[in-house]
There are 2 protein chains.
Amino acid sequence: MHFAWLCCLGLVQGGKVLVVPADGSHWLSMKILVKELYHRGHEILVLVPETSSVIHGSESYKTEVYPVPYTKEELYQKFDRLEDDVFRKSSRMTELHNNVQLFIDYTSIQVNGCERVLNNQSLMTRLRKEVFDLVLTDPVLPCSSILANVFSIPTVYFLRGLLCDLDLQASQCPSPPSYVPAYFSGNTDIMTFPQRVTNMAMSFMQPYVCKMTFRHFDDLVSRYLENKTTYKDLLSHGAVWLLRYDFTFEWPRPLMPNMVSIGGINCAKKAPLPADLEEFVNGPGEDGFIIFTLGSMLHNMPEEKAKQFFDVLWRYTGWLPQNDLLGPTPRLKSSSPMVEPTVSTRVSVMLCPFPLFGDQLDNVHRMVRNMDVYLNEYSLFTLQLWYFLSYKEKVVELSQVHLDRPVEPLDTAVFWTEFVMRHKGAAHLRVSAHDLNWIQYHSLDVIGFLIIILLTVLFVTVKCCLFCTRKCCRHGAAKRKSE
Amino acid sequence: MHFAWLCCLGLVQGGKVLVVPADGSHWLSMKILVKELYHRGHEILVLVPETSSVIHGSESYKTEVYPVPYTKEELYQKFDRLEDDVFRKSSRMTELHNNVQLFIDYTSIQVNGCERVLNNQSLMTRLRKEVFDLVLTDPVLPCSSILANVFSIPTVYFLRGLLCDLDLQASQCPSPPSYVPAYFSGNTDIMTFPQRVTNMAMSFMQPYVCKMTFRHFDDLVSRYLENKTTYKDLLSHGAVWLLRYDFTFEWPRPLMPNMVSIGGINCAKKAPLPADLEEFVNGPGEDGFIIFTLGSMLHNMPEEKAKQFFDVLWRYTGWLPQNDLLGPTPRLKSSSPMVEPTVSTRVSVMLCPFPLFGDQLDNVHRMVRNMDVYLNEYSLFTLQLWYFLSYKEKVVELSQVHLDRPVEPLDTAVFWTEFVMRHKGAAHLRVSAHDLNWIQYHSLDVIGFLIIILLTVLFVTVKCCLFCTRKCCRHGAAKRKSE
């Protein structure tokens, strides 16, 4: 095993990284990379809105807290409506609409906060003076990309995916709608004809959904950069996309050269459990336990839904160390057919997702297809949870594939972040599709030109034939007449 | 740095690999991987045609020499015509035709050899009994893919690329003709409108060129497997494609999840030079030397062409240890502006390719674009060679990017080969596009259906409007009449 890149590390020791994270669970993943960059000798400044609830100071990085024109309460109020909506069963279109609206509500006040940063002359001067080598950011908010553009610094994106597949559009990644399910379509990569029709329709709609969803991003971008620059244009200049998925739970699909899969980066390290959880885990008999989580955003659940779940470790408010619970130690009892830890392969239990909002529905569809089980009715959830757990073997197999990789995802993420610093970008990975407009990209001008040529040739040929035929006929008629 | 996969190596220790190489320079690259697999504890059997000139026995692998219905002389005779053709300047279409014809001539007699293997019952029985875990092969010949199919063993392909981009077609890799140059088009990734027209035309032609080029492969495949199976169908079942290029000298373009770049694998290890070369290298003054090579296939060159080159280390017949000559030791004198070794970055000199046949022309185009120099006139070659060498800085920069990688290409190749053995394929990387036909893949049925719906709605709306208008008019006329 030779490590070509270790020898080059010296080149970026003391690299300066500006980190512009998104708040909430997004930061919890990014923090892992940020801390590792610190351990490898980089200097890091994290831009934090004063309302943030999870981005705290650390010895690993400096923070720059900036004032925003809204309170924490105003921000989280946006989620109250979400909690009302998510447990109600509604049509897919309504759900899509709710998601887009929630995203607009939640991000538009943060975009105002971002504008405060850009207008804060003293902060901007201070940031400019720092001469950063790199902006590391979650593109779910537009601030960082504008800063990177203004300061002419290369950007590395760290994300799971963007609403309406804006990431795929911005990176010019081909997504044939015949087998790549559109965002929120609920389709898998194997579709019936009607499914392909809806997938095509949703793919057609995607640019318009994006336009609607990111309108306030576009407004901000066009105010601070060249006129008519959209957020998608801006995103397309990112050097490397670090994507928090891999193909064990993602439909296999084309990738671009500057897309790097770092799936599992947030499952990397295990810490000891807090005393109360440790006691619980070691306590209740032989049957192990089930982890139940609704993510980090929801705080309430209707009582009748709640009653459907029992004998379960609840966690629907606050943060639960789920990775530590899923650690490789044989903590879960193995006599039950329900949850059996396979220590040697490092899989203990599988989370069964209960889709509520955002990309959760698409995630559950991927998991369901990969696990050969189907669970789409909320009411049947508890029953099917048992059914689902019986698919342990498939889980073990997928886990083995997921964990079998040449380099750990955290090291991969660090490598590409440092690569961009070492080479001031990753120009050799940028496709020239970015320099083409929509018509050129799809060769519509060329096809039009070829059709015109073809029609002209056809027209001339037909005319010639007609002319010759007529001449022959006339000649024949004249001959007959003279005879 | 954590190495997740090292822990899993035990699973495939003693893996059994059937290697079906292509003869000539292709084998020289593959041998590096084969030897490394041996060092990692795998048992290897290499299938060798009795006419092979470069595949010799080794302590690293067993060989199974099979009889073929042609002599070495008959095989190499095919290249005599090539030597006559390549130094003659001809049109691109003539060159393409010559290339295809050369390929057909050269491979069709080897396909006969392959058929001998498939008909050799005792050899087939022996091979079947071995119960291989994997077929490692160069898909430039069809034998291995048929064997893999017959024995139901996963396949790993090891290649630089196939004529008419058959590899991209077989792996379902999208190649938008607006920025991905078609095979042998001579285009780069940035094209003018006329270049895009020729690129589109050549992309359209590609499937027909492939059909013509691989007709004898298709015949063989359909004789031994299910009727109407083509070689492309068969290739599409490959688990992983190990591609001997990276994006320092390849146009950035979409990739598929099961494509792995191992560019530079054939530059990995340096050996001491033979005494005569060592003496030459250390000999002639301060100006260093230039390596001149026409690849491993050509043996003759017209005298007037030959005269254009001087002060050059000749090598146009036989094998030259060019990697060892380009080694990281400060063997090349550094006082000249022409060839200066940059030892710390491990670049010593750049080969300036003189395109003759096969993919060489496309290769030179890539290099020329990446180096910002242009050399397309053979007659100007010597002059431009000097010009070209002045682009040392750019070479150093590209070399640094090329060498800056998370894992060495040989280790990457070994990892994916062993991955396929460990998991009996790489099913999670296989796109479901393979299960769609051409019409479905391009959603032509869906588009047709949507157009019919649209036309029907339009038709019904127009009819309704007409009906209403008529009714109103009649009503008006009747009213006027009664008045």
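A:G161 is located in the loop that runs between β5 (155–159) and α6 (166–170) of chain A, where helices (H or I, at least four residues) and strands (E, at least two) are DSSP runs numbered from the N terminus. The model is a predicted one, in which local features need pLDDT of at least 70, side-chain atom pairs count only at pLDDT 80 or more, and totals for chains, interfaces and linings use all residues. Residues are numbered from 1 along each chain as its sequence is written, chains are lettered from A and ligands numbered from 1 in the order in which they are written, and side-chain values use heavy atoms, with hydrogens and water left out.

With a relative accessibility of 35%, A:G161 counts as partly exposed; under the scheme applied, buried means under 20% relative accessible area, exposed over 50%, and partly exposed in between (1.4 Å probe, protein chains only). The C-alpha atom of A:G161 is separated by 8.7 Å from that of A:V140, a residue 21 positions away along the chain.

Chain B is brought onto chain A by a rotation of 180° with a shift of 0.2 Å along the axis, giving an RMSD of 0.3 Å. The copies are therefore related as by a two-fold rotation axis. Within chain B, the C-alpha nearest the axis belongs to B:L255, at 2.6 Å from it.

Salt bridges were assigned where a side-chain nitrogen of Lys or Arg lies within 4 Å of a carboxyl oxygen of Asp or Glu. By this rule, 24 salt bridges are counted over all chains. One of them joins the side chains of A:E130 and A:K16, with an N to O distance of 2.9 Å. This pair links distant parts of the chain, since A:E130 belongs to helix α4 (residues 121–130) and A:K16 to strand β1 (residues 16–20) of chain A, 114 residues apart. A:E130 is partly exposed at 22% relative accessibility, whereas A:K16 is buried at 19%. Both residues also take part in a network of salt bridges that links A:K16, A:E43, A:K62 and A:E130.

In chain B, a salt bridge is formed by B:E130 and B:K16, the closest N and O atoms being 2.9 Å apart. Because B:E130 lies in helix α4 (residues 121–130) and B:K16 in strand β1 (residues 16–20) of chain B, the pair ties together parts that are 114 residues apart in sequence. B:E130 is partly exposed, its relative accessible area being 23%. A further salt bridge of chain B connects B:R223 with B:E115 (2.9 Å, N to O). Here, too, distant parts of the chain are linked: B:R223 is in helix α8 (residues 215–224) and B:E115 in helix α3 (residues 92–119), 108 residues apart. At 18% relative accessibility, B:E115 is buried.

Surface patches were built from residues with over 30% relative accessible area and no salt bridge, like charges being joined within 9 Å and nonpolar side chains (Val, Leu, Ile, Met, Phe, Trp, Tyr) within 5 Å. Accessible areas come from the Shrake-Rupley method with a 1.4 Å probe, and for residues only the protein chains shown count as cover. A nonpolar patch of about 950 Å² includes A:W438, A:I439, A:L454 and A:L466. At least two of its residues come from each of α17 (438–441) and α18 of chain A, and the largest share, eight residues, is supplied by α18(A). A:L454 is a member of helix α18 and is exposed, with a relative accessible area of 53%.

A patch of positive charge is also present on the surface, where A:K463, A:R470, A:K471 and A:R474 gather. Lys and Arg count as positive and Asp and Glu as negative, while His and the chain ends are not counted; the place of a charge is taken as NZ of Lys, CZ of Arg, CG of Asp or CD of Glu. A:R474 lies in helix α18 (residues 444–482) of chain A and is exposed at 61% relative accessibility.

Helix α5 (residues 143–151) of chain A is largely enclosed by the rest of the structure, because seven of its nine residues are buried.

Notes:
Copies are superposed by least squares on the C-alpha atoms of residues with pLDDT of at least 70 in both.
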